[in-house]
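User: I am new to this structure and would like to learn how to read it. Could you take me through it feature by feature?

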Amino acid sequence: MASISDIPDELLLNILSSLPSKEVVATSVLSKRWRSLWTEVKTFRYDGESIGRTYWKFVLFISKRSSVETMQLKLNPHCTHRDIKPLINIAVARSLRELRIEMICESFELPKSFYMFSQLETVILEKVSLKDVPRNAHLPCLKRLHLLSVKFTGDESVKKLLSICPILEELVVKRSSLTNVMIYTIDAPLLRILSIEFENMPQLVKARVNVVCDEPDKFLGSLASTQYLSLCSVTSETPDSYLPIGTSFVFLDHLELCLCSTEWWNLLTCILVDAPKLRVLKLKLYRKHCVRYNEAMDQWNQPDYVPMCLSSYLEIFEWRQYNGKEKEREVAKYILANASRLKKATFYSESGEKHGILKELEYMARGSKTCKLLFD
């Protein structure tokens with residue numbers, strides 16, 4: 001019969017990586033071999049139990065010699081800063097790549113050292129509190145951030161946190177009764193995945209989203225309570241899948257849409273139909289983005305009926321980088337003709353044929369007799 005000594009180191013490492021902190025101490029005293037193997041474990045799990053001086057000696061040991069890349073901390077209400085701060089400091093010193101912190105009951109406040117990770121790529125926070133972001137904070141390698149029932153000091157704290165994550169690609173936000181932030185300003189140029197869940201309080205949410213996202217159907221359904229939406233969708237190519245069935249932006253008041261997607265006009269149509277109270281519409285091309293559609297291949301699927309926002313609510317229409325292309329003319333003509341409450345329409349053009357383009361706009365029919373047409 002094989003003994004523990006016959007088990008390959010690779011298998012033992014897998015076993016040790018799956019153990020919580022309570023078993024860490026137990027196995028570390030079995031033999032020198034096990035103690036040595038612990039220095040190679042890449043995943044460390046802390047279960048929030050107070051296990052005394054022996055545990056802290058072991059933590060000190062692995063902090064000097066371990067190759068830990070992932071740390072998972074599950075905290076109970078009895079955990080204090082004294083318990084957790086050393087672990088966070090060790091994680092910072094070890095250039096951790098992934099950190100997950102979950103509070104079992106009450107919200108726990110993270111120390112400032114949390115913001116000093118240089119190599120951290122993934123952070124998952126659940127039921128914890130975050131202080132104001134320090135001035136020298138920087139998370140240069142963070143790509144995945146999950147904020148699950150996280151408490152901030154205020155609305156600006158979210159914006160500051162995201163501003164120190166320059167290459168963020170995935171953001172997951174879940175609000176609950178513990179969450180105190182009402183307005184989420186999300187400005188992440190490299191963001192590709194956005195998921196927002198609102199629990200029990202959709203009527204209180206005002207989200208401002210400014211992202212680059214190639215799968216709008218993955219998150220637009222989560223923004224049904226949004227009042228202000230700034231959207232850039234790089235590859236909106238399947239009109240039928242833009243919005244989940246039943247989506248309605250009944251609170252949407254202000255929409256800014258980037259025109260860099262291959263079929264931006266069809267995405268616009270979907271939102272206009274589902275945003276009955278839209279008052280402000282701005283079309284533009286974000287800096288460093290370019291229009292990538294093929295006029296000969298793409299068709300604009302006009303609404304089957306005039307959307308309510310055009311017939312009853314739209315007051316301000318603005319279009320930057322307007323070049324008078326065929327699809328642009330179709331959309332401009334349709335909006336000007338059907339926006340019966342429009343007060344001001346402003347067009348900005350940098351084309352060499354600017355004079356002729358603006359003259360053409362001037363002769364387009366307008367559904368609103370009080371609409372002021374402005375050019376720049």
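User: Which residues line the second largest cavity?

Analyst: The lining consists of W265, L268, T269, L272, W300, P303, V331, Y334 and I335. By class, eight are nonpolar, one is polar and none is charged.

User: Which element supplies the largest share of that lining?

Analyst: Helix α7 does, with four residues. Both α7 and α9 supply at least two residues each.

User: How enclosed is α7 (residues 264-274) by the rest of the structure?

Analyst: Count its buried residues. A residue is buried when its relative accessible area is under 20%. In α7, nine of the eleven residues are buried, so the helix is largely enclosed by the rest of the structure. The buried ones are W264, W265, N266, L267, L268, T269, C270, I271 and L272.

User: Which strands pair with β3, and how many bridges join them?

Analyst: Look for bridges and for direction. Strand β2 (residues 70-75) runs parallel to β3, joined by six bridges. There, L75 has M103 as its bridge partner. Strand β5 is also parallel to β3, with five bridges. On that side, R100 stands opposite I124 of β5.

User: What is F152 in contact with, beyond its neighbours within four places in sequence?

Analyst: Its contacts are L130, L147, S157, V158, L161, N180 and V181. Distance along the chain is another thing to check. T179 is 27 residues from F152 in sequence, while their C-alpha atoms are 7.6 Å apart.

User: What about backbone angles? Which residues have a positive phi although they are not glycine?

Analyst: K127 is one of them, with a phi of about 60°. Q321 is another, at about 55°.

User: Where are K127 and Q321 found?

Analyst: K127 is in the loop between β5 (122-126) and β6 (128-129). Its relative accessibility is 28%, so K127 counts as partly exposed. Q321 sits in the loop between β15 (316-319) and α9 (326-338). With a relative accessible area of 27%, Q321 is partly exposed.

User: Last topic: confidence. What is the average pLDDT of the chain?

Analyst: The average is 75, and 65% of the residues score at least 70. Among the elements, β15 has the highest mean pLDDT, 96. Strand β11 (residues 206-213) has the lowest, 50.

User: Where is the pLDDT below 50, and how many contacts does that stretch have?

Analyst: Look at residues 200-206, where the pLDDT is below 50. Beyond near neighbours in sequence, this stretch has 15 contacts in the model. Where pLDDT is low, the predicted coordinates should not be read in detail.

Notes:
Residues are numbered from 1 along each chain as its sequence is written. This is a predicted model: local features need pLDDT of at least 70, side-chain atom pairs count only at pLDDT 80 or more; totals for chains, interfaces and linings use all residues. Side-chain values use heavy atoms; hydrogens and water are left out. Buried means under 20% relative accessible area, exposed over 50%, partly exposed in between (1.4 Å probe, protein chains only). pLDDT is the predictor's confidence in each residue, from 0 to 100. Contact means heavy atoms within 4.5 Å. Two strands pair if DSSP finds at least two bridges between them. On a 1 Å grid over the protein atoms alone, a cavity is a set of points where a 1.4 Å probe fits but cannot get out, and a pocket is an open set with protein on both sides within 12 Å along at least five of seven lines; lining residues have an atom within 4 Å of a point. Ala, Val, Leu, Ile, Met, Phe, Trp, Tyr, Cys and Pro count as nonpolar, Asp, Glu, Lys and Arg as charged, and the others, Gly among them, as polar.
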